[in-house]
Amino acid sequence: MPDRIIRGTADKGEIRFFLTDCTEIVQKTTEIHKLSVSNSYVLGKFICAGLLMSAGLKSENDVLTISTTSDKISGRMVVTVNSRSEIKAYMFNPEYEPDPASEKSGGSIDSVVLGKGTINVIKDMGLKAPYAGQVEMKYGSVAGDLVHYFAVSEQIPTSISLGVLIDDSGKVQKAGGFLLQMMPGHSEDTVRVLEKSIYSFPNFTDVLDMNYDLEKIASDILLKDLGPVFKGEIIPRYKCGCSRKKMQTAAQTLEKKEIKEILEKDGYVEVKCHFCNRKYRFTEKDFGKN
Ligand SMILES: [Zn+2]
């Protein structure tokens, strides 16, 4: 099944919901970056989250970036997605695989890979000052920390489930998740019904693996007693969007002395795009006379 995001409202507009199956994008990301299995789980979850959040962006030019700071290099990553759900991502230490001993003592894979640090969300809405929010990671799961982010930074009661299912050969079998938010003025009854439903909800990827489509997951399981109304779908994709011109601008931010030294040594300056690993080479004439 191709990757999709669906969105809608439930319980007469008191809840808004987003669900995604992004198996192909997560698999593609693991291939682009040659991610270790543990990193595939963690970055895969951030990709699911980024796609779900992108479906709630309001304007055409909005861009959302989720990044982490960490006391471990393996814990640093960046996900950027626009309002068309074109996403790109990278990790600072893509091949990192924790040794089993530290995994045992450190808890979940999420917390072992991410270490101690923060989740940062930037929404660039084409305004002068982008919206920026930050929370400390303390729940040991990407979904838990993002729920915390929504509560603290955006004051929106939110429920998130993110999952990545990987087979023995390291291939992504399923990746996806949901994001539910309570809208202003919601009733306590709605919260109660929803909490009950979420409590008994199985793993998202297990349901995908049973070949349930997103509409069926919403109607038959997650929002069963809450009358979901579907408001459309988005076809997401992995898209970098880098260009020679953009990378040349990046190369020009290097110090002139440094550029000169590299040119003398190698004859060109090579810049690699973090998001797609494409390499661009610039020679003396690209830097002009300066
Ligand atoms: Zn690129």
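User: Which residues have the most contacts inside the largest nonpolar core, and how many residues does that core have?

Analyst: The largest nonpolar core has 66 residues, and those with the most contacts inside it are F17, F46, I47, A49, L52, A89 and L146. A nonpolar core here is a set of buried Ala, Val, Leu, Ile, Met, Phe, Trp, Tyr and Cys residues joined through C-beta atoms within 7 Å. Buried needs 20 or more other C-beta atoms within 10 Å of the residue's own, exposed 12 or fewer, partly exposed in between, with C-beta placed from the backbone.

User: Which element gives the largest share of that core?

Analyst: α2 does, with ten residues. Helices (H or I, at least four residues) and strands (E, at least two) are DSSP runs numbered from the N terminus.

User: What should I know about the model and the numbering?

Analyst: This is a predicted model, where local features need pLDDT of at least 70, side-chain atom pairs count only at pLDDT 80 or more, and totals for chains, interfaces and linings use all residues. Residues are numbered from 1 along each chain as its sequence is written.

User: Back to L146. What is it in contact with, apart from neighbours within four places in sequence?

Analyst: L146 is in contact with A49, I119 and I160. Contact means C-beta atoms, placed from the backbone, within 7 Å.

User: At what angle do α2 and α5 pack?

Analyst: About 40 degrees, and the axes of α2 (residues 37-54) and α5 (residues 142-154) are 10 Å apart. Axes are lines fitted to C-alpha atoms, for helices over the stretch in contact, with angles from 0 to 180 degrees between N-to-C directions.

User: Which residues meet there?

Analyst: On the α2 side they are V42, K45, F46 and A49, and on the α5 side V142, A143 and L146.

User: Switching to sheets. What is the strand order in the five-stranded one?

Analyst: It is an open sheet with the order β8-β9-β2-β1-β10, and the pairing is antiparallel. Its edge strands are β8 (158-166) and β10 (229-234), each pairing on one side only. Strands pair if DSSP finds at least two bridges between them. Neighbouring strands in this sheet are turned by 10 degrees against each other on average, direction ignored.

User: How many bridges join β1 to β10?

Analyst: Four bridges join β1 (residues 4-10) to β10, and the two run antiparallel. I5 stands opposite I234 in β10.

User: What about the six-stranded sheet, which order?

Analyst: That open sheet runs β7-β6-β3-β4-β5-β11, with mixed pairing. β7 (131-136) and β11 stand at its edges with a single partner strand each, so one side of each has no neighbour in the sheet.

User: Where do the parallel and antiparallel pairings show up around β5?

Analyst: β4 (residues 77-82) pairs with β5 in the antiparallel sense over five bridges, while β5 and β11 run parallel and are joined by two bridges. V78 has Y90 as its bridge partner in β5, and E86 stands opposite R237 in β11. The β4-β5 hairpin has three residues between the strands, and S85 there takes a positive phi near 60 degrees.

User: Is β5 covered or open?

Analyst: Mostly covered, as five of its six residues are buried.

User: And β3 with β6, how many bridges?

Analyst: Eight, joining β3 (residues 63-70) to β6 (residues 117-124) antiparallel. S70 stands opposite G117 in β6.

User: Which helices lie on this sheet?

Analyst: α2 lies across β3, β4 and β5, at about 25 degrees to β4. α5 touches β6 and β7, and its direction makes about 125 degrees with that of β7.

User: Which residues of α1 are buried?

Analyst: In α1 (residues 23-33) they are T23, I25, V26, Q27, T29, T30 and H33. Their cover includes β2, α2, β5 (86-91), β8, β9 and β11 (237-238). Just after α1, K34 takes a positive phi of about 50 degrees.

User: Last one, Y212. Where is it, and why is it classed as partly exposed?

Analyst: Y212 lies in the loop between α7 (204-209) and α8 (214-222). Y212 counts as partly exposed because it has 17 C-beta neighbours inside 10 Å. Apart from neighbours within four places in sequence, Y212 is in contact with V207 and I217.

Notes. Contact = placed C-beta atoms within 7 Å.
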